[in-house]
Amino acid sequence: MIRKAIIKDVPKVSEWMDLATLARLEITSEDSEHPIEFALNADNKFWRAAEDGEQTIRVLFDAPQNISRISLLFEENTVSRTQQFSLSWQRVGEASVELVRQQFNFSPPGTTQEREDYKFSLEQVSVLELVITPDVGKPARASLTHLLVK
């Protein structure tokens, strides 16, 4: 017998913040065929850097926001590699605080996705920053399938 459960706490895409209207985004690099806008929704498109190496995606909110959830999806379908990322936040006039730092391995064809879903209680957030090291110790190009904030 299979064990299963009905999950009711899966937000629909429309329940996520519209970062394109609530914030300005700063990125260190962008492939013109895979702009950052592609990672701001869950439609299977993705952002990709134009250059190898560590990349930063910074979300600068027009007005401070309260954040309860952040969802990240990374995918790699071709190359085995070890990726690391860190996620930080900041209030206006305060120092940045790291929320999480994580390292994981992609091993296609078996392990091709890393999905992270974090629940927080962050108040008056002015900046979110995601730093991606696409391959620890080797050159590689960073990508992000989605960055969703609630």
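**Views of the protein chain and strand E4**

**View 1. The protein chain holds one helix and eight strands.** The model is predicted. Along the sequence, the elements follow the order α-β-β-β-β-β-β-β-β. The C-alpha atoms occupy a box of roughly 45 × 40 × 25 Å along the principal axes. A compact globule of 150 residues would have a radius of gyration near 15 Å, so the 16 Å of the protein chain agrees with that expectation. Of the contacts with a separation of 6 or more, 73% link residues 24 or more positions apart.

**View 2. Strand E4 spans residues 81-90 and is largely enclosed by the rest of the structure, because seven of its ten residues are buried.** In the protein chain as a whole, 44% of the 150 residues count as buried.

**View 3. Strands E4 and E5 form a hairpin.** E5 covers residues 97-106 and runs antiparallel to E4, with nine bridges joining the two. Leu87 stands opposite Val100 in E5. Six residues lie between the two strands, and Gly93 in the turn has a positive phi of about 75°.

**View 4. Strand E4 also pairs with strand E6, residues 113-133.** Seven bridges join these strands, which run antiparallel. Here Trp89 stands opposite Leu128 in E6.

**View 5. The surface and charges of the protein chain.** The accessible surface comes to about 8700 Å², and carbon and sulfur atoms account for 48% of this area. The side chains include 17 positive and 23 negative ones, and the centres of the two sets lie 8 Å apart.

Methods: Residues numbered from 1 in each chain as written. Predicted model: local features only at pLDDT ≥ 70, side-chain atom pairs only at ≥ 80, totals over all residues. Heavy atoms only, no water. Buried < 20%, exposed > 50% of the residue type's maximum accessible area, 1.4 Å probe, protein only. Helix = DSSP H or I, 4+ residues; strand = E, 2+ residues; numbered from the N terminus. Pairing = 2+ DSSP bridges. Rg over C-alpha atoms; globule rule 2.2 N^0.38 Å. Contact = heavy atoms within 4.5 Å. Areas by Shrake-Rupley, 256 points an atom, 1.4 Å probe, with all protein chains shown as cover. Lys, Arg positive; Asp, Glu negative; His and termini not counted. Charge placed at Lys NZ, Arg CZ, Asp CG, Glu CD.
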